[in-house]
Amino acid sequence: MPRSTQPQTLGHEITISGRGLHGNRPCTVRLVPVDAPTGLRFVHLPTGTEIPVKAERAGDLVLSTTLIKDGVRLQTIEHLLSALMGLEIEHLRIEVDAEELPILDGSAGPWVEALLQAGTRTLDGHRRFLKITRPVEVRNGDRWIRVSPYDGLRLRYTIDFPVPALGRQSRELSLTPEKYRRELGSARTFCLAQEIEAMRARGLAQGGSLDNAVVFGSEGPLNESLRFEDEAVRHKMLDLVGDLALLGAPMLGLVEAHAAGHALHVALAQAILADPGCWEWAEEDAPANVRYFFQPVAAALPA
Ligand SMILES: [Zn+2]
């Protein structure tokens with residue numbers, strides 16, 4: 001998958017089915033290529049409701065990201081959005097027949113594999129970026145997230161859990177499709193064993209199991225193994241990439257996050273969009289971006 005200087009959609013249609021993590025109901029997702037750069041749009045087939053991926057449509061951010069319009073609530077959209085943004089597929093029609101997307105294996109890996117198999121098609125026009133020109137920060141007590149100017153998309157994330165098996169994890173990464181696939185895409189969602197009863201009592205995680213989440217007990221993960229030693233912070237970065245899709249365009253900036261989650265990710269996207277003085281549009285042929293966006297992609301990517 002070479003890096004594109006033009007807007008990209010999928011090479012051909014893909015259909016994936018599975019059950020939702022929270023509601024445990026079946027859902028089929030059909031990814032349909034588009035002919036013009038119109039961004040990412042969901043279509044809820046039972047009602048015909050079209051929902052653009054925009055921060056103003058985000059709501060209900062407890063343990064997943066939800067888009068809401070005309071009474072339709074599309075839940076747990078962040079892993080698919082993460083795979084799309086990570087692989088620079090920024091224009092697509094996403095048809096769903098239920099309100100919660102399949103959790104699959106708890107990571108974006110199965111989406112990534114399917115997207116890579118379908119390949120991409122370029123669209124006319126220039127790839128357009130939301131370029132941060134002034135820092136923006138959102139805080140909630142000790143948790144915070146901020147973005148500052150940077151010629152590329154760089155993520156610096158720290159989590160700090162009072163559980164020895166998780167503890168403090170930090171990771172920093174300048175995003176490219178290859179790095180996304182190799183370092184973030186397959187990191188699974190996680191929770192603490194002690195939280196499960198409370199989540200279930202609230203109607204959440206009804207479809208959760210060790211097949212679609214890492215569960216940390218006091219001694220360590222209950223799963224047989226981890227995919228990365230610091231899988232948890234990598235998954236947070238995967239979530240962040242997905243939530244930043246709500247900006248409606250790829251971003252150029254350095255995002256630093258500490259103990260954040262969906263609510264803060266989305267609050268940052270909303271704060272950026274609410275302040276036109278902190279960003280401007282930039283196109284992919286702007287010289288400042290070239291050295292970051294046109295590095296050759298490693299041949300390791302499957303065709
Ligand atoms: Zn997640």
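Predicted model: local features only at pLDDT ≥ 70, side-chain atom pairs only at ≥ 80, totals over all residues.
Which residue in β18 is the bridge partner of Lys 131? I started there, and the partner turns out to be Leu 252.

**Entry 1: around β11**

Strand β11 (residues 128–132) is joined to strand β18 (residues 251–258) by two bridges, and the two run parallel. I then looked for its other pairing and found strand β19 (residues 279–283), antiparallel to β11 over five bridges. Within that pairing, Ile 132 has Trp 279 of β19 as its bridge partner. Is β11 enclosed or open to the outside? Four of its five residues are buried, so the strand is largely enclosed by the rest of the structure. A reminder to myself on pairing: strands in a sheet are held through backbone hydrogen bonds, in a parallel or an antiparallel sense.

**Entry 2: the whole chain**

I stepped back for an overview. The protein chain has seven helices and 19 strands. Its radius of gyration is 18 Å, close to the 19 Å that the globule rule gives for 303 residues, so the chain is as compact as a globular protein of that length. The C-alpha trace spans about 50 × 40 × 40 Å along its principal axes. I also checked burial, and 42% of the 303 residues count as buried. For contacts with a separation of 6 or more, 77% are between residues 24 or more positions apart.

**Entry 3: the five-stranded sheet**

What is the strand order in the open sheet of five strands? I read it as β2-β3-β9-β4-β5, with mixed pairing. At the edges sit β2 (14–19) and β5 (49–52), each pairing on one side only. From one strand to the next, the twist averages 20°.

Strand β4 (residues 40–44) runs antiparallel to β5, and four bridges join them. One bridge I picked out puts Val 43 with Glu 50 in β5. The two strands form a hairpin with four residues between them. In the turn, I noted that Gly 48 has a positive phi of about 75°.

Next came an open sheet of three strands, ordered β6-β7-β8 and paired antiparallel. Its edge strands are β6 (58–59) and β8 (72–75), with each pairing on one side only. Strand β7 (residues 66–69) makes four bridges with β8, in the antiparallel sense.

Across the pairing, Ile 68 stands opposite Arg 73 in β8. Why is Ile 68 classed as partly exposed? The count of other C-beta atoms within 10 Å is 14, and a residue needs 20 or more to be buried and 12 or fewer to be exposed, so Ile 68 falls in between. Leaving out neighbours within four places in sequence, Ile 68 is in contact with Arg 57, Gly 59, Asp 60 and Arg 73. I also took one distance: Ile 68 and Glu 56 are 12 residues apart in sequence, and their C-alpha atoms are 9.1 Å apart.

**Entry 4: the core**

Which residues touch the most other members of the largest nonpolar core? Among its 73 residues, they are Leu 84, Leu 244, Ala 245, Leu 246 and Leu 247. Helix α5 (residues 231–243) supplies the largest share of this core, six residues. I listed the contacts of Ala 245, not counting residues up to four places away in sequence: Leu 40, Val 53, Leu 81, Leu 84 and Met 85.

**Entry 5: helix α3**

Last, I asked where the buried residues of helix α3 (residues 177–184) lie. They are Pro 177, Tyr 180, Arg 181 and Leu 184. These residues cover an arc of only 120° around the axis, which puts them on the same side of α3. Their packing partners are α1 (78–86), α2 (109–118) and α5.

Conventions: Residues numbered from 1 in each chain as written. Core = buried A, V, L, I, M, F, W, Y, C linked by C-beta atoms within 7 Å. Contact = placed C-beta atoms within 7 Å. Pairing = 2+ DSSP bridges. Axes fitted to C-alpha atoms, helices over the stretch in contact; angles between N-to-C directions. Arc of directions from axis to C-beta. Rg over C-alpha atoms; globule rule 2.2 N^0.38 Å.
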